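Biologist: Could you walk me through this one while I have it open?
Modeller: Gladly, ask away.

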Amino acid sequence: MTITKDELYSKLKKFFGFDSFKGNQEEIITHLLEGNDAFVLMPTGGGKSLCYQLPALCLPGCAIVISPLIALMKNQVDALREFVHTEDSAHIAHFLNSSLNKTQIQQVRADLLEGRTKLLYVAPESLTKEENIAMLKSIKISFYAIDEAHCISEWGHDFRPEYRRINETVNKIGKAPIIALTATATPKVQSDIQKNLGMTGAKVFKSSFNRPNLYYEIRDKSDAKREIIKFIKENKGKSGIIYCLSRKKVEELAELLNVNGIKARPYHAGLDAATRAANQDDFLMERADVIVATIAFGMGIDKPDVRFVIHYDVPKSLEGYYQETGRAGRDGGEGKCITFYNHKDIQKLEKFMQGKPLSEQEIGKQLLLDVVSYAESNQCRRKILLNYFGEDYPEDNCGCCDNCLYPKEQFDGQQQMMYVMDLILSLQENFKTEHLADILAGVSNSVIKSYNHHKHPLFGIGKDSDPRFWAAVIRQGLVLHLLDKDIDKYGLINITDKGMEFHSHPYPIMLTKQRTFTECDDDDDDSPMVRPKPGAGGGDPILLAILKQVRLDLARKLNLPPWVIFADPSLEDMSILYPVTLEELHHCSGVGEGKARKFGKEFIKVIERYVEENDILRPDDIMVRNVANKSTNKIFIIQSIDRKMPFEDICKAKDMDMSELLDEIESIVSSGTRINIDYYIHRAVDPDDMDEIYTYFKEEAHSDSIDEAMRDLGNDFDEIEVRLVRIKFISEIGN
Ligand code: ADP
Ligand code: MG
């Protein structure tokens, strides 16, 4: 095939509207047009598609494009038809996958056989079907393009077994040049791909993977939710993606962000297609700023101005990480990539691997170790990443990652590593990191004692440092391949050959001093409270006293019991959070919008003055509001009461007993929502009793305590009655 440079440029302009090629596109295309195999390694957004689309339009015959993403094929074909303005554009590109019906398949075949189609996108599982092979045998193939080629390799982050059969099928259909393309090839993956496709002789076109505009940072996860909210608020109006590992976490985090006034949408494979599409659209059209997603989101999304990518959970491999962070700053502008990291997450991921075939485990473990080593390293992050992709980054300081901007202190850890190894050897490599760390730091607990390890000669040899320090030394030993961890055997630590060499001829090794990553769980699952717990103390006692006085004055003025205005935990919260706007006040425990509006003004005025006079730094100027538990129950209850549904029926519908229902209603009214339960009280409580209880709360009660009320009121009343009337009272007077 001979085509002049001028012709090529004129086709680039005619079909795609571009005046010039990007990166090494031209070289690649020319190479392919000359009938050679090509292996293209180009970062996400580099312009890989054009490398096969343009040649397909230039060459006789039809190009077969193999791509794993059925969902995106239609988009790609539509986009291509849009681009190519010829009268034949409806026939010029087609796709073949399981989403087509019989008639559509016939149309595709007819066009192919007539030679009108220049590009055919095929899913690998469709390609291997006998009838398709037979049909493709009868047409002229210009070349095969294998997009997202890393799917071939088990060492890639997105291995797909059906990709393994591509080579065999291609040989059945008939020989033609092959172009394989990927954005995430480590040297290992690269060689896998080439071997598997039988193209070891292909010319490799490798662009630099460096994305100079991306900023990389790893943070400790202990306060991740608050930090994320703060970060997004500081970056108002910018688009960002937050990746989580589980669907559950996606939903929770999206809800938390929304509750905190951030427009966020969830995205994961468990949502129905319509919701998923709508959420994605909201993000692309900027009706939402943030998309919280599993890694199902992002492939093929071409939003150029994503300003941040946050990994809430640690990624499973550096390739995945690079692909995902690569979605930030495609337009060359700002792109902040922040990952929250703790060891617990790594352990969780290791647990998932238990029981899997050994080879898969080995791979998963190595990929994860690379992530740990990246996260814990004190080297330039850019250098590590590029190195991982087989590229040399000559600078020592990139000036655009946390390690370069805020270097960490190092020390020679030769002696410490020797202690670790002596201990491991003396215990026959039979213990895990935490146990070893406890012995070295001299921490005695029941487990240590049960092995009599508090009497071990090395017990407490490093008691100047805490177990976290020793655990960090062990992890750095893993990263340096001096130590190894047996995942299948609960993570027992053993010593590698390299480690044994070190042990017999020790040499200085530089370790990082200050590891700030927490050992323990993050703010996850078990502990939903993000802000200081109300009533936990720690508030500002002077402010608290002032607020109590304000409450008392207001109570007298309004002729209300003080606790009806704000209960003590609310005031305590105020003395911790220093709210100065009604919205912020609303974040304090037990302060609903209604209450904030009704009573809040006085309080925030006083707090504002106090903050100013005493020069108080308010907590991060950010408060995190929690997602109300069982909020769906609450909504149901409020709606049912509006419709005057008997309480017994509400209980039945929600499978609660009366006392649980009253708990819910109490929490609804105490946060300031006004509801009218007269219809039920008239039936459930004698009118005289009601008056007596009501008057008690209004005139006698010193607090909102039910126990106290039961004591004061004597034995004539049923607790449920008292609680019902109290709800009525709080709702009418307080809200
Ligand atoms: P990749 O598959 O490598 O991630 P794409 O093929 O999706 O990248 O291309 C990324 C973006 O670059 C697209 O918006 C595409 O239109 C654009 N692009 C590709 N080639 C050129 C070019 N020669 N000139 C300008 N823009 C280009
Ligand atoms: Mg692509």
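Biologist: What lies 2.8 Å from an oxygen atom of ligand 1?
Modeller: In this predicted model, that is a polar side-chain atom of K22, and the pair falls within the limit for a polar contact, namely N or O atoms within 3.5 Å. The side chain of K48 also has an N or O atom 2.7 Å from an oxygen atom of ligand 1, while G46 places a backbone N or O atom 3.4 Å from a ligand oxygen.

Biologist: And how much of ligand 1 does the protein bury?
Modeller: The protein buries 72% of the 570 Å² that ligand 1 exposes when taken alone, with areas from the Shrake-Rupley method and a 1.4 Å probe.

Biologist: How many residues surround it, and which are the closest?
Modeller: Ligand 1 is surrounded by 13 residues, the closest being K22, G45, K48, S49 and D302, where near means a heavy atom within 4 Å.

Biologist: Switching topic, where is F18 found?
Modeller: F18 sits in the loop between α1 (5-16) and α2 (25-33), helices being DSSP runs (H or I) of at least four residues.

Biologist: Why does F18 count as partly exposed?
Modeller: Because its relative accessibility is 39%, and partly exposed lies between buried, under 20%, and exposed, over 50% (1.4 Å probe, protein chains only).

Key:
Residues numbered from 1 in each chain as written. Chains lettered and ligands numbered in written order. Predicted model: local features only at pLDDT ≥ 70, side-chain atom pairs only at ≥ 80, totals over all residues. Heavy atoms only, no water. Polar contact = N/O pair within 3.5 Å; in protein donor to acceptor, adjacent residues only side chain to side chain. Helix = DSSP H or I, 4+ residues; strand = E, 2+ residues; numbered from the N terminus.
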